[in-house]
Amino acid sequence: MSRMNVGTITRRVHAGAAMLFLLVCATGPVQADDRAIFVTSPGQPLNVGDAMLAATAYHDSGAYDRDVALVARQAGRWIAERAPSARRPALVLDVDDTSLSNWEVIVRDDFGRPVGGPCDLALDAPCGWAAWDQLGRDPAILPTLQVFQQARALGITVFFITGRPENQREATERNLAAVGYAGYEKLYAVPAGARFSSVTDFKAPIRAEIEQAGFTIIANMGDQPSDLLGGHAERMFLLPNPFYRVP
Ligand SMILES: [Mg+2]
């Protein structure tokens with residue numbers, strides 16, 4: 001039996017891991033030296049733990065807020081320019097991480113997206129997103145709220161189209177109202193039991209329906225490409241969201 005204790009082993013493991021990390025960073029696609037064998041290939045994704053650290057730094061540094069504000073300013077400029085000449089101008093907004101921020105639950109869940117399960121804020125524990133949404137405690141994403149308020153002042157009709165299910169309508173509308181989204185035309189939510197492989201398959205036909213009702217959708221804002229794909233908007237504004245992906 002070796003006389004090396006656990007602390008010594010732990011230190012050596014950490015030192016070995018650090019050496020490997022430095023080798024990977026320093027040498028790129030190098031597979032071996034005389035002490036370590038590993039592979040880095042173009043198809044090898046970023047380490048998920050490192051990605052979470054990078055996403056947290058992006059948020060906490062203020063860069064996320066700046067990028068959101070940058071996109072929202074462009075949206076504001078466009079709707080101000082276009083609304084006066086458009087026939088029944090309309091603005092379409094996504095809800096999660098476009099109009100309302102889920103940062104609190106993103107951190108609580110360590111970037112996971114469990115839908116089911118409870119949400120007890122008194123515990124230092126993850127929350128199911130469905131239970132979280134029912135709390136209706138998301139703050140507004142302020143640059144989007146400003147675009148919303150500008151749109152209303154310009155006489156633009158605003159529609160929310162969310163991938164949240166219909167059984168979250170009450171909580172979602174309560175949340176939107178509590179943080180200042182007042183005077184929108186309608187919120188569309190996913191009907192009970194409906195399933196879509198992409199939210200585009202739900203959202204694009206609703207935009208077509210809005211157009212068929214006589215509106216001109218001059219702008220569509222979302223945080224996921226799937227919010228924007230499928231046409232039926234003159235301009236699309238994609239807010240940054242490196243925290244999760246909605247297909
Ligand atoms: Mg969203």
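A search of the whole structure, a predicted model, finds 14 aromatic pairs, where rings of Phe, Tyr and Trp (its six-membered ring) pair if their centres lie within 6.5 Å, and planes under 30 degrees apart count as stacked, over 60 as edge-to-face and the rest as tilted. Residues are numbered from 1 along each chain as its sequence is written. Local features need pLDDT of at least 70 and side-chain atom pairs count only at pLDDT 80 or more, whereas totals for chains, interfaces and linings use all residues; side-chain values use heavy atoms, with hydrogens and water left out.

One of the pairs is formed by F148 and F160, which are stacked at 6.1 Å centre to centre with 20° between the planes. This pair links distant parts of the chain, F148 belonging to helix α6 and F160 to strand β2, twelve residues apart; helices (H or I, at least four residues) and strands (E, at least two) are DSSP runs, numbered from the N terminus. F148 is buried, with a relative accessible area of 1%, and F160 is buried at 0%, buried meaning under 20% relative accessible area, exposed over 50% and partly exposed in between (1.4 Å probe, protein chains only). The rings of F148 and Y181 have centres 5.1 Å apart and planes at 80°, so this pair is edge-to-face. Here F148 in helix α6 is linked to Y181 in the loop between α7 (169-178) and β3, 33 residues apart, and Y181 is buried, as is F148. Elsewhere, Y58, Y64, W103, F111 and F243 form one aromatic cluster.

Five strands form an open sheet with parallel pairing, in the order β3-β2-β1-β4-β5; two strands pair if DSSP finds at least two bridges between them. Strand β2 (residues 157-165) runs parallel to β3 and is joined to it by four bridges, and I161 stands opposite Y188 in β3. Helix α6 (residues 142-153) packs on the sheet, touching β1 (89-93), β2 and β4 (216-222), with its direction at about 140° to that of β2. Contact means heavy atoms within 4.5 Å; axes are lines fitted to C-alpha atoms, for helices over the stretch in contact, and angles run from 0 to 180 degrees between N-to-C directions. Helix α8 (residues 200-212) lies across β1, β2, β3 and β4 and runs at about 155° to β2.

D96 lies in the loop between β1 and α4 (103-108) and D223 in the loop between β4 and α9 (225-228), so the pair ties together parts that are 127 residues apart in sequence. D96 counts as buried at 13% relative accessibility, and D223 is buried with a relative accessible area of 3%.

D223 is also touched by N241, which contacts D97 and Q224 as well, not counting residues up to four places away in sequence. N241 is placed in the segment after β5 and is buried, with a relative accessible area of 9%. A polar atom of the N241 side chain lies 2.8 Å from the backbone nitrogen of F243, and the backbone nitrogen of Y244 lies 3.5 Å from a polar atom of that side chain.

Note on methods: Polar contact = N/O pair within 3.5 Å; in protein donor to acceptor, adjacent residues only side chain to side chain.
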